Amino acid sequence: HLIGYVVAQCVGAIVASAALYVIAQGKGDGYDVAANGFAQNGWSAYSVTSAFLFELIATFLFLLVILRATAEAGAGILAGLAIGLTLVMIHLAGIAVSGSSVNPARSLGPALFAGGTALSQLWLYIVAPCLGAAAAGLALRVGVIGAGEQAPQPA
């Protein structure tokens, strides 16, 4: 299922970005997505190392929350809340550092339309999240994170 999931995510991101591109072009005053922004990721205030580490660690933590919250002994009806709040905190912490992607497809769509720097930096938003996600899955699989422990359930 992995290949289909990756393709669907990428196609969805590109189609959504295309729709937003058409909407942005309707502004009519020469709006330039590369110059004015198009929700593309990128780093400038921080180094490439800082951006890479943030994306890797944030994706690792986000996937741990997703995998634990949705497990059989996970957060149950509160799984969505746990996942959503985790993503909010990741974005609040990381927008200034890397643009806070934690999803390669989320970076791909806007970068294709913004071009330039967004495309040249896209590799980071593919490699770091994939490594972080793989590390989270591996940590749970080998029991480093305690996948066998039962999470507290709401009363």
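A: Let's start with contact, which means heavy atoms within 4.5 Å. This is a predicted model, where local features need pLDDT of at least 70 and side-chain atom pairs count only at pLDDT 80 or more, while totals for chains, interfaces and linings use all residues. Residues are numbered from 1 along each chain as its sequence is written, and side-chain values use heavy atoms, with hydrogens and water left out.

Q: Which residues does T86 touch, and what makes them count?
A: Leaving out residues up to four places away in sequence, T86 touches F62 and V65. T86 itself sits in helix α4, residues 79–98.

Q: What makes the approach between T86 and A82 a polar contact?
A: A polar atom of the T86 side chain lies 2.7 Å from the backbone oxygen of A82. A polar contact is a pair of N or O atoms within 3.5 Å; within protein, one must be able to donate a hydrogen and the other to accept it, and residues adjacent in sequence count only if both atoms are side-chain atoms.

Q: How many helices and strands does the protein chain have?
A: Seven helices and zero strands, so from the N terminus the order reads α-α-α-α-α-α-α. Helices here are DSSP runs of H or I, at least four residues, and strands are runs of E, at least two, numbered from the N terminus.

Q: Why is G132 called buried?
A: Buried means under 20% relative accessible area, exposed over 50%, and partly exposed in between (1.4 Å probe, protein chains only). G132 has 0%, so it counts as buried. This glycine lies in helix α7.

Q: What does G132 contact, and how far is it from A58?
A: Leaving aside neighbours within four places in sequence, G132 is in contact with L56, T59 and F60. The C-alpha atoms of G132 and A58 are 7.6 Å apart, although 74 residues separate the two along the chain.

Q: What makes the W43 and W123 pair edge-to-face?
A: The search of the whole structure finds four aromatic pairs. In this one, the ring centres are 6.4 Å apart and the planes meet at 85°, so the pair is edge-to-face. The rule: rings of Phe, Tyr and Trp (its six-membered ring) pair if their centres lie within 6.5 Å; planes under 30 degrees apart count as stacked, over 60 as edge-to-face and the rest as tilted. The pair links distant parts of the chain, with W43 in the loop between α2 and α3 (48–69) and W123 in helix α7, 80 residues apart.

Q: What stands out about phi at S100 and V102?
A: Phi of S100 is near 55°, positive in a residue other than glycine, and phi of V102 is also near 55°. Most residues other than glycine have a negative phi.

Q: Which residues of helix α5 are buried, and what do they pack against?
A: In α5 (residues 104–114), the buried ones are A105, S107, L108, G109, P110, A111 and A114. They pack against α1 (2–25), α2 (33–36), α6 (116–120) and α7 (122–141).

Q: What is found at the two ends of α5?
A: At the start, a side-chain oxygen of N103 comes within 2.9 Å of the backbone nitrogen of A105. After α5 comes G115, with a positive phi near 65°.

Q: What share of the protein chain counts as buried?
A: Of its 155 residues, 32% count as buried. The C-alpha trace spans about 55 × 30 × 30 Å along its principal axes. Among contacts between residues at least 6 apart in sequence, 72% join residues at least 24 apart.
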